[in-house]
Amino acid sequence: MAGEALIVIDLQNDFCPGGALAVAGGDEIVPLVNDLIRHADHVVMTQDWHPAGHSSFASSHPGKQAFETIDMPYGPQTLWPDHCIQGSAGSDFHSGLAWTKAELVIRKGFRPAIDSYSAFFENDHRTPTGLAGYLRERGIGAVTFAGLATDFCVAYSALDAVDQGFDATVRLDACRGIDLNGSVETMLKRMRETGVRLV
Ligand code: VGL
Ligand code: ZN
């Protein structure tokens with residue numbers, strides 16, 4: 001039987017209350033995620049990891065505000081407050097997260113000119129992070145997602161997981177969303193239609 005992995009997405013200080021891009025209730029999921037980690041065969045974490053001045057930051061585009069959308073060479077890109085700057089306190093995992101069992105930490109968003117929501121591909125949908133190859137080499141065929149944010153990094157990761165041939169489940173009770181212009185509903189629908197199991 002193929003192996004299974006839990007993938008914990010971006011459970012970092014900047015996405016929790018008090019952080020630069022706080023997701024409402026982002027910290028509430030920590031105890032449940034810790035339970036999932038305890039019961040998982042294999043654990044992978046992702047860490048949003050931007051250089052200062054990253055192109056996804058509104059502050060890098062004079063006259064633009066956070067949460068506006070701009071056109072990038074790879075398509076539309078939402079602009080964000082500065083967040084998860086490499087090595088900053090905001091980029092650390094939530095202090096209550098039991099992350100030591102993680103066998104791999106995938107860092108993403110480190111290329112200055114391109115954002116990366118998915119754990120598998122950057123936002124150009126072409127540049128791989130290496131995660132698909134890693135899981136395949138290890139014989140892992142099924143992945144379960146938890147973390148932040150439901151409608152961005154969790155959703156894009158789950159959609160790419162299915163596209164890459166993995167059996168993908170999202171634990172909605174162990175995720176929280178940003179919800180920009182109905183993005184939670186939009187991405188739940190896309191996940192459902194793509195064959196992501198939402199539980
Ligand atoms: C995320 C926006 C920008 C996420 C990361 O983890 O969902 N969202 N960077
Ligand atoms: Zn980011």
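Colleague: Is Cys-153 buried or exposed?

Modeller: Keep in mind that this is a predicted model. Buried means under 20% relative accessible area. Cys-153 has a relative accessibility of 7%, so it counts as buried.

Colleague: What about Cys-175, buried or exposed?

Modeller: The cut-off is again under 20%. Cys-175 has 3% relative accessibility, so it counts as buried.

Colleague: Which cysteine sulfur is closest to that of Cys-175, and how many disulfides are there by the rule?

Modeller: A disulfide needs two cysteine sulfur atoms within 2.5 Å. The closest cysteine sulfur to that of Cys-175 belongs to Cys-153, and at 11 Å it is too far for a bond. By this rule the disulfide count is zero.

Colleague: What is the crossing angle of α3 and α4, and which class does it fall in?

Modeller: Two packed helices are described by the angle between their axes and the distance between the axes. Here the axes of α3 (residues 150-163) and α4 (residues 183-194) come within 10 Å and cross at roughly 10 degrees. Angles under 35 degrees count as roughly parallel. That makes the pair roughly parallel.

Colleague: Which residues of α4 make that contact, and how do the residues of the contact divide?

Modeller: On the α3 side, the contributors include Phe-152, Ala-155, Tyr-156 and Val-162. From α4 come Ser-183, Val-184, Met-187, Leu-188, Arg-190, Met-191 and Thr-194. The residues of the contact divide into ten nonpolar, three polar and two charged.

Colleague: Which residues does Ala-158 touch, beyond those up to four places away in sequence?

Modeller: Ala-158 sits in helix α3. Its relative accessible area is 0%, so it is buried. Leaving out residues up to four places away, its partners are Phe-145, Ala-168, Val-170, Met-191 and Val-196.

Colleague: What is the phi of Gly-165?

Modeller: Gly-165 follows α3. Its phi is positive, near 90 degrees.

Colleague: Now strand β6. How far is Leu-148 from Asp-10, C-alpha to C-alpha?

Modeller: Leu-148 is found in β6. With 1% relative accessibility, it counts as buried. Among its contacts beyond four places in sequence are Ile-9, Asp-10, Val-23, Cys-153 and Arg-176. Asp-10 is 138 residues away along the chain, yet the C-alpha separation is 5.6 Å.

Colleague: Where does Ser-91 lie, and what is near its side chain: which backbone oxygen is 2.7 Å from a polar atom there?

Modeller: Ser-91 lies in the loop between β4 (75-78) and β5 (104-108). At 0% relative accessibility, it counts as buried. Setting aside neighbours within four places, its contacts include Gln-12, Asp-14, Trp-49 and Cys-84.

Definitions and conventions
Residues are numbered from 1 along each chain as its sequence is written. Chains are lettered from A and ligands numbered from 1 in the order in which they are written. This is a predicted model: local features need pLDDT of at least 70, side-chain atom pairs count only at pLDDT 80 or more; totals for chains, interfaces and linings use all residues. Side-chain values use heavy atoms; hydrogens and water are left out. Axes are lines fitted to C-alpha atoms, for helices over the stretch in contact, and angles run from 0 to 180 degrees between N-to-C directions. Helices (H or I, at least four residues) and strands (E, at least two) are DSSP runs, numbered from the N terminus. Angles under 35 degrees count as roughly parallel, over 145 as roughly antiparallel, 65 to 115 as roughly perpendicular and the rest as oblique. Contact means heavy atoms within 4.5 Å. Ala, Val, Leu, Ile, Met, Phe, Trp, Tyr, Cys and Pro count as nonpolar, Asp, Glu, Lys and Arg as charged, and the others, Gly among them, as polar. Buried means under 20% relative accessible area, exposed over 50%, partly exposed in between (1.4 Å probe, protein chains only).
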